[in-house]
Amino acid sequence: MNRQLLYVPCVLLAVAAPASAQVEWKDPSPHTAKLVTVEDGVQLEVLDWGGTGPAVVLLAGLGDTAHVFDDFAPMLTAKYRVIGVTRRGHGRSSSPAAGYGAARLADDVVRVIDTVGLSRPVVVGHSFAGEELHQLGARHAAKIAGLVYIDAAFNRADGSEDYDAVARTLPAAPSPGPADRASFAAARAFLVNVQGAAGPEAHLRARYVANPDGSIARAWAPEPQVRQALTAEMQAMSKAYNPERIRVPALALYAVPKTPADLMLKWYPADDPSIRERVEKLHRLARERYERHKKWFEGFAERGRVSEISGAHHLFLTHPRQVLDEIDGFVTGLAKRP
């Protein structure tokens with residue numbers, strides 16, 4: 001299934017201003033950061049927000065690091081012990097040539113859980129992290145209490161070519177000007193204005209490479225061997241997808257438009273009948289796609305539950321309170337199980 005895996009638009013790729021002195025920046029999120037060894041020569045960046053209560057492990061989507069949760073994770077710490085893991089090939093984690101299959105990536109998460117000393121955490125994953133969640137729920141059920149999929153539970157072999165074809169006919173997002181690329185704060189303000197949310201600044205700093213003067217030079221990209229390995233994994237899943245059924249309770253949150261208005265982006269000319277017609281068709285196709293994936297997940301996860309939120313792919317950025325409420329309800333339900 002071809003879905004939007006990356007929330008931040010690639011329109012920020014243009015070269016920025018000439019370099020000068022770099023201004024020091026400190027991540028304001030209340031976490032500690034350390035590297036955890038998961039196999040010989042491979043270390044993962046682990047962010048620890050602390051907190052008390054049941055343990056929660058946060059896994060980012062493809063291309064993102066654990067810093068994407070810098071704003072959301074502190075919302076969890078009043079009730080939970082919270083850490084985030086940056087998978088191999090991303091951010092400050094190691095980038096070995098191999099180990100990008102879902103089983104190995106899930107093994108990495110288990111190594112982190114054991115090293116940090118967490119007892120049967122709930123693992124929350126976004127987007128591509130659904131593949132790690134599948135493996136954890138099937139092969140490491142004794143290690144975890146449950147799984148929460150944030151727009152991450154999809155039958156990858158169910159293509160969305162019809163949806164993508166319509167989406168490509170709609171106007172592209174506005175491009176930033178030089179002033180919008182002059183700093184990460186300016187870029188963040190541009191993205192918030194255009195799409196309503198941009199994520200924490202540390203997230204943007206992990207996704208884009210800065211010039212010495214602090215302006216944005218280009219998008220970050222994984223090492224070539226990492227891109228090749230992950231691309232091969234995604235292509236294989238799109239052709240044949242049959243993950244082993246999970247054996248733990250699970251909640252799947254889907255980002256689904258409730259009405260066509262949810263898909264009418266602010267730069268679309270709303271008075272154009274052809275635009276309205278295409279948006280209405282896109283809405284119908286999105287709902288049909290959701291119903292297919294919902295049915296797939298309900299068959300795949302015998303102890304699973306589905307909920308939908310009308311928002312963008314990164315629901316924990318666009319609708320953090322609703323996602324938090326869903327996680328709270330899920331964890332409360334786990335405590336009531338025999």
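Biologist: Which of the 49 residues in the largest nonpolar core touch the most other members?

Modeller: A nonpolar core is a set of buried Ala, Val, Leu, Ile, Met, Phe, Trp, Tyr and Cys residues joined through side-chain atoms within 4.5 Å. Buried means under 20% relative accessible area, exposed over 50% and partly exposed in between, with a 1.4 Å probe and protein chains only. In this core the residues that touch the most other members are V112, L136, L147, Y149, Y254 and F297. Helix α2 supplies the largest share of the core, 7 residues. A separate core of 31 residues lies apart from this one, and Y80, F316, L324 and V331 are among its members.

Biologist: Before going on, what am I looking at?

Modeller: This is a predicted model, in which local features need pLDDT of at least 70 and side-chain atom pairs count only at pLDDT 80 or more, while totals for chains, interfaces and linings use all residues. Residues are numbered from 1 along each chain as its sequence is written, and side-chain values use heavy atoms, with hydrogens and water left out.

Biologist: With which residues is F297 in contact, leaving aside its neighbours within four places in sequence?

Modeller: Contact means heavy atoms within 4.5 Å. With those neighbours set aside, F297 is in contact with Y149, A153, A250, A252, Y254, G304, R305 and V306.

Biologist: What is the order of the strands in the open sheet?

Modeller: Helices (H or I, at least four residues) and strands (E, at least two) are DSSP runs, numbered from the N terminus. Two strands pair if DSSP finds at least two bridges between them. The open sheet has 8 strands in the order β1-β2-β4-β3-β5-β6-β9-β10, and its pairing is mixed. At the edges stand β1 (32-39) and β10 (304-309), each with a single partner strand, so one side of each has no neighbour in the sheet. From one strand to the next, the twist averages 20 degrees. Such angles run from 0 to 180 degrees between N-to-C directions, along axes that are lines fitted to C-alpha atoms, for helices over the stretch in contact.

Biologist: How many bridges join β3 to β4?

Modeller: Strand β3 (residues 55-59) and strand β4 (residues 81-85) run parallel and are joined by 5 bridges.

Biologist: In which sense do β7 and β8 pair?

Modeller: Strand β7 (residues 208-210) pairs with strand β8 (residues 216-219) in the antiparallel sense, over 3 bridges. Y208 stands opposite A219 in β8. The hairpin has 5 residues between its strands, and G214 there takes a positive phi near 95 degrees.

Biologist: At what angle do α2 and α3 pack?

Modeller: Two packed helices are described by the angle between their axes and the distance between the axes. For α2 and α3 the angle is about 75 degrees, and the axes are 8 Å apart. That makes α2 roughly perpendicular to α3, since angles under 35 degrees count as roughly parallel, over 145 as roughly antiparallel, 65 to 115 as roughly perpendicular and the rest as oblique. The residues in contact are A102, A103, L105, A106, D107, V109 and V110 of α2, with E131, E132, Q135, L136 and R139 of α3.

Biologist: How many of the 10 residues of α3 are buried?

Modeller: In helix α3 (residues 130-139), 9 of the 10 are buried, so the helix is largely enclosed by the rest of the structure. Its buried residues pack against β3, α2, β5 (122-126), β6 (146-150), α7 (224-239) and α8 (273-300).

Biologist: Which side chain is joined to that of H313 by a polar contact?

Modeller: A polar contact is a pair of N or O atoms within 3.5 Å; within protein, one must be able to donate a hydrogen and the other to accept it, and residues adjacent in sequence count only if both atoms are side-chain atoms. The side chain of H313 has such a contact, of 2.6 Å, with that of D151. H313 lies in the loop between β10 and α9 (315-318) and counts as buried, at 5% relative accessibility. D151 is in the loop between β6 and α4 (161-167) and is buried too, with a relative accessible area of 1%. Although D151 is not a glycine, its phi is positive, about 45 degrees.

Biologist: Is A236 buried or partly exposed?

Modeller: A236, in helix α7, counts as partly exposed at 43% relative accessibility.
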